[in-house]
Amino acid sequence: MAKRTIELIVNGDRYELAVDPWRTLANVLREDLRLTGTKVGCAQGDCGACTVLLDGRSISSCLTLAVEAHQREVTTIEGLAPSPDELHPIQEAFVQHGAVQCGYCTPGMVLAAKHLLDNNPAPSEAEIRAGLSGNLCRCTGYNKIVDAIGAAAKKISDTGKEA
Amino acid sequence: MQDKTQEKTKTQVLTREENELARRLRTADKPLTVAGTSIGRRDDPLKVTGKLKYGADYSAEGFLFGKILRSPHAHALIKSINVKKAQELEGVAAVLTAEDLPGRNGFGAIIPDQPVICGDKVRFVGDGVALVAAETETIAHQALKLIEVEYEPLPGIFDPRDAMAEDAPKIHEGGNILSDDKMVKGDVDAGFAEADVILERTYQVPFLEHAYLEPDTTMAIPQPDGVMLIEGPMQAPFTTRRNVAPVLGVPINQVRVRQIHMGGGFGGKEDSPIDLSCRAAVLAQATGRPVKITLEREEVTIQTAKRHPMIMELKVGVKKDGTLTAFQGVIYDEQGAYASLGPKIPPAGGSHVHAMVMMPGPYEIPNVKVDAYLLYTNHPYGGAMRGFGAPQVHIAHEQMMDELAAELGITAVDIREKNAFRLGSQTATGQVLSQSVGLRETLESCADRFKWDERLAATGWVDQAHTKRRGVGVAMGWYRTSIGTNGDGCGAAVHLHEDGSVLLYSGITEMGQGAFTVLPQICAEELGIMPEDVRLVKPDTDLVPESGPTVGSRSTTLMGNAIILAARQVKESLMDTASMMLMVPTERLDAKGRKIYDRENPDKSLDFAAVAARAMAAGKRMIGQGWWTPPVPSLDGHTGQGSPYHVYTYSTHMVQVVVDVETGEVELEDYVAAFDVGKAINPKALEGQIEGGVAMGLGYALMEEVVLVEGVTQNPSLQGYLVPTMLDVPDIQPVILEVTNELGPYGAKGIGEMPNIPATPAIINAIAQASNGRVRRLPADPERIFWAIKEAGGPPQD
Ligand code: FES
Ligand code: FES
């Protein structure tokens, strides 16, 4: 099958790529662009480790074909921090609240949280839990992640600035 | 941490050997400055930005991709195998069968009974019958399809009890009983004669999958000098090396194993890296090229080790006042197709013996008899999973305690209070608990924090319509620190440099539990510097001393001690040097906060770095090497009597649930978990272990099970194998108690596995307390709860 030429806007940068039409976005991000912060835990849409933002919405990049992202904006974990030596408030809160253990779920969790807070800047605990219930973590027991997201929401609204 | 009580045990009764070891460790009685604080995990910033590299993230350019052809049969003879077509496929570099192997065709964490490639027969669905290495993953997949194998199916064994029958088909040459262990104390018949109530119950638990989020991956990279380099996420680099060398037919020093940060392990990445490394290594050796094998999620479930299923038959006698008089147990411990971490490493290593020792629970019982059988079947194999045989038997004894209490009309807390271990208690192996026994304290603090009495009194219907009932549950637990083998030693090295910076060499691996944060903390504490002054050298068998595996909740305690001993050797150089510089005798010197100072005149001090520079210039020893071996374990092979593990962590969990008696659905409302950890080196990391462990125990209680039909895994994906989500986990309040362990670094005991253990029975007990529905075969999914309530004649009517 012939490769297809697509244009991806990833973390603000434009890439033109020739990809096999069956390849997933996760795969192209990780292998062609070497953005390995996007993790693959199941490749079947069950774990959320591969979560990225596509035009601001959180999606499972293992279930999305790269060609579907043609001319659309992709945000991966590498593109979230405002600068190389700063963290996004969500990332900062994850560090401060001990919400990270092995870290394999973390990039996906952080991006799912970003999507949640973009749409609901002051979520209740129940809303956080419902919003991220598609992202599995086997290490932390989740509570510190819930705390971190709550704290990040507060920080973002207090400072009035979203990085 | 909400609650923290410092408690010194006054009446420790250490043995001579323990005393001697404790003396080696003892530090001057000064307050800790670095150990005991919640410093953040060092690599967190790398993880939240996606910069930390896991095995799958390393570029595989120039690599071949390895794949394993798996048996579709649970038990069969291999009649013929034809790889010609696969070999001819363009892009295929090698197709290997058993005949092509250069060395030993077997690997295993304890005994090498698992073929690298099956030659004559297969023993479970997923067994490897051929290996392929190809230029791309797609080609490797295509090649697998071109291999023709002819099997002759054999009858399989899918229930461990069937494995014991005289005429059962033999899975391995030596028969199906891999281990037959006994523990006998006192006289159970006499004990039962004294009892007012005797109950007999059978409890059963299924195979469990670790479901670490990172699928297994391994790279084997041949080096120009002939050395085989293995890289991958793994808990036991040394065990891996010990297996790869004979499989390649080379000496151990020709294999180098480097650990890559793990995306979760929980015991599972003790075994599977051995398997993948051996297979990747033979492919790399055959082709002379680097080979990477990465498992797909379904392969992880089908191929890698699981938590052992067990059928546990208990008969327990108790007096009217709740005093236990006799405990008799039988364990049918299902090993599955291969030995993995099940069998005994004398005297008390291996998961099977551990399960046997733990089976009667943390209670004083004068008469005990346990028969424990470890049995091969044609299922996937049991390995290590957070608790190593202990979670299973806790599910049995903790349910039994509740069933006895109900029969006697006393509360679940009363019966535990009556029998719980205290300092000086004798365990079922006849071991006298000589120190650091905080079990009763955990019960007391847990009940306090949870408000057990009030909550117990308030259980009952939640709604007018009488569909939902609220209830409470409790479970206690104990867990060893160390692994019960004679060779449970652990080495560390500390290299001091002239600018005061330090390199710490340890073979303990990081899987998210925080070892890479806690171990430098201990090193910094001992030297009187800051954790950031210590850089930990990542586990690499060419560089770090043999440290044993990262299992058995042994990292902090055993490695911590090795580090302390190593650090002391360089500290001696520093103190000698400082003594000369300050003209103060060494006994008066202390080190803290990068200063070395005169205790009697703290203003008289020197910078740590200046002393290090002077020590170096004077040719003093700048390298310290520490080796720690815990007290020698003992366990008689016939009677199961002795001291198998030198110290135990203790815990009590309490939980409140609401059960929908019409649907069997359960909601967890509140959770308190109390632990005696000896000493919390990093309270925040500890809290993380607690919350994660409880969540995993919740999964075991309510939803997790690898479903097998005729040996075929029915739910290999994470859609079929359910693990707890954010919606399932309640608020968890940890309570930390510190009853000093004289043989641990700063008094610490292991904690990695303990939180996982009482969680499951606490939840099951709460469901029964709320609804009358007692589920003796896990998981307690809504259907089983529904039927258990029916079987009990319905929920309580009050
Ligand atoms: S990797 Fe995409 S959901 Fe699991
Ligand atoms: S931190 Fe390990 S899976 Fe979430």
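Analyst: Helix α11 (residues 390-408) of chain B packs against helix α12 (residues 412-419) of chain B at an angle of about 110°, their axes lying 8 Å apart. The axes are lines fitted to C-alpha atoms over the stretch in contact, with angles running from 0 to 180 degrees between N-to-C directions, and helices are DSSP runs (H or I, at least four residues) numbered from the N terminus, as are strands (E, at least two). This is a predicted model, in which local features need pLDDT of at least 70 and side-chain atom pairs count only at pLDDT 80 or more, while totals for chains, interfaces and linings use all residues. Residues are numbered from 1 along each chain as its sequence is written, and chains are lettered from A and ligands numbered from 1 in the order in which they are written.

User: Why is α11(B) called roughly perpendicular to α12(B)?

Analyst: Angles under 35 degrees count as roughly parallel, over 145 as roughly antiparallel, 65 to 115 as roughly perpendicular and the rest as oblique; the angle here is about 110°, and therefore α11(B) is roughly perpendicular to α12(B).

User: Which residues make the contact of α11(B) with α12(B)?

Analyst: From α11(B) come Met401(B), Asp402(B), Leu404(B) and Ala405(B), and from α12(B) come Ala412(B), Asp414(B), Ile415(B) and Arg416(B), where contact requires C-beta atoms, placed from the backbone, within 7 Å.

User: How are domain 1 and domain 2 of chain A bounded?

Analyst: Domain 1 covers 4-79 and domain 2 covers 89-159, with bounds that come from an automatic or database domain assignment; their C-alpha centres lie 21 Å apart, and 15 residues of domain 1 of chain A are in contact with 13 residues of domain 2 of chain A.

Technical notes
Two residues are in contact if their C-beta atoms, placed from the backbone, lie within 7 Å.
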